[in-house]
Amino acid sequence: TTYAVSGMMLSFTLPRLLFGMLAGVFVDRWDRRRTMLVSDFLRSGITLLMIPAVLSGNLWAMYALGFAMSAVGTLFNPAKGALIPSLVPPEHLISANSLSQTSQMLAMLIGPALAGSTLALAGAGNEWVAFLVDSISYLLSAWTIWLVRTPAKDAVHAVAAAAARGAGAVRQVWEELLVGLKALFLSRTMATLAVIFAFVMLGIGAINVLWVVWMKDHFGYVETELAWRFSVLDIGFGAGMIAASMVAGNVFSNAAPKWFLVVSLAGVGATLVAFGFMPDYWWLFADTVLMGVFVAPINTGIMTLMQIVVPNRQLGRVGGGFSTLGDTASIISVGGAGVAAATMGIPMVFALAGALCLAMGVASWVLLPSLTLKDKVPDEEPLPEGAEAEAAAEPVLLISPEAGHVIERAG
């Protein structure tokens with residue numbers, strides 16, 4: 001059973017590593033709203049196909065369907081992140097990102113509870129009902145996205161531009177992928193943000209593996225008691241994230257995203273250092289709630305800063321590459337968590353992860369620019385004087401030293 005669960009987790013993780021950046025290329029080509037709709041419809045269908053695979057006990061079919069579902073899902077989040085700036089004025093961008101974060105946290109809290117109650121009501125042998133409910137949830141998501149009306153300018157015409165240059169299909173994809181990589185790694189702001197995020201995930205990834213083991217070893221909880229106490233911690237963490245997201249979006253909507261990262265990483269670092277030394281369960285619960293409060297603004301700050309310095313036409317590629325980098329760091333951390341815990345003990349691993357987050361908070365303070373929504377790069381920034389000839393045929397990357405962004409230019 002352990003190997004089966006590990007295999008399923010691997011089938012969901014691999015597509016994010018293999019296709020994350022490539023998915024961003026197509027997100028930047030296609031209409032973002034339509035991409036999200038198609039992603040939801042496909043995942044709804046794949047979830048239904050899980051029913052015969054589960055009923056027949058065909059593990060390889062489940063792996064294949066899980067891989068397919070995750071591969072299709074790689075399109076959804078980059079498309080959502082790139083669509084949000086098209087739906088709201090720049091001054092409401094932090095509020096919109098915070099609201100998106102809140103809805104995601106609510107889904108993470110409600111989803112497991114809904115799955116458990118569905119299985120309990122359906123009874124043994126009727127587990128297929130949970131997959132049916134999951135499939136319907138994707139359709140409900142698609143319905144809400146269908147209600148969204150996007151401006152016509154959101155449609156991206158990279159294909160037509162490449163066709164005008166006479167580029168072949170493979171070369172065209174490669175060129176667009178290369179532009180995304182350069183936008184991520186040649187931009188001072190994005191490169192710094194990517195390195196900070198990768199180091200944070202190196203620390204946090206180990207926590208995701210070890211905290212249940214630590215509760216069992218430290219407090220002696222087993223089976224049923226361990227399950228409900230872990231659920232209470234999970235609820236507290238989610239509640240802290242939701243509360244912080246609402247405050248961030250409504251109270252600090254005009255703040256520079258940099259400060260979301262500085263304060264949040266410092267707070268996460270402090271709560272992680274304390275996590276392994278809590279004297280009893282309820283102190284641990286309070287620390288977990290506080291950790292959730294500090295974790296939530298990190299995603300809001302990262303997404304908003306990315307939307308400020310990256311032109312909308314490149315957001316899919318940059319977002320996809322950014323997520324791939326974070327997933328890679330997280331997997332490395334998960335892989336090394338057991339070895340680190342056996343070598344130095346779980347509390348010390350927590351402390352080192354917290355110290356790493358604290359260090360990245362300091363790095364954010366020192367290295368990231370204090371850009372605000374007023375500094376948001378336009379989708380079409382005018383070329384510098386004398387650069388028109390350079391943009392006649394091939395894409396040109398222009399790096400702005402002030403905002404630290406890279407802009408793709410096509411002839």
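A residue counts as buried when its relative accessible area is under 20%. By that criterion Asp28, at 1% relative accessibility, is buried. The structure described here is a predicted model. This briefing covers its salt bridges and a nonpolar patch on its surface.

**Salt bridges around Asp28**
- The structure contains five salt bridges, and a network of such contacts links Asp28, Arg32 and Arg317.
- Asp28 pairs with Arg32, with 2.8 Å between the closest N and O atoms.
- Arg32 is buried because its relative accessibility is 0%.
- Asp28 also pairs with Arg317, where the closest N and O atoms are 2.6 Å apart.

**The salt bridge between Asp327 and Arg16**
- The side chains of Asp327 and Arg16 form a salt bridge with an N to O distance of 3.0 Å.
- This pair links distant parts of the chain, as Asp327 is in helix H13 (residues 315–344) and Arg16 is in helix H1 (residues 2–29), 311 residues apart.
- Asp327 is buried, at 18% relative accessible area, whereas Arg16 is partly exposed, at 34%.

**Nonpolar surface patch**
- Leu48, Leu55, Trp128, Leu132, Ile136 and Leu140 make up a nonpolar surface patch of about 530 Å².
- Helices H2 (32–56) and H6 (128–146) each contribute at least two residues to the patch, and H6 provides the largest share, with four residues.
- Leu140 is located in helix H6 and, with a relative accessibility of 51%, counts as exposed.

Terms used. Residues are numbered from 1 along each chain as its sequence is written. This is a predicted model: local features need pLDDT of at least 70, side-chain atom pairs count only at pLDDT 80 or more; totals for chains, interfaces and linings use all residues. Side-chain values use heavy atoms; hydrogens and water are left out. Patches are made of residues with over 30% relative accessible area and no salt bridge: like charges are joined within 9 Å, nonpolar side chains (Val, Leu, Ile, Met, Phe, Trp, Tyr) within 5 Å. Accessible areas come from the Shrake-Rupley method with a 1.4 Å probe; for residues, only the protein chains shown count as cover. A salt bridge is a side-chain nitrogen of Lys or Arg within 4 Å of a carboxyl oxygen of Asp or Glu. Buried means under 20% relative accessible area, exposed over 50%, partly exposed in between (1.4 Å probe, protein chains only).
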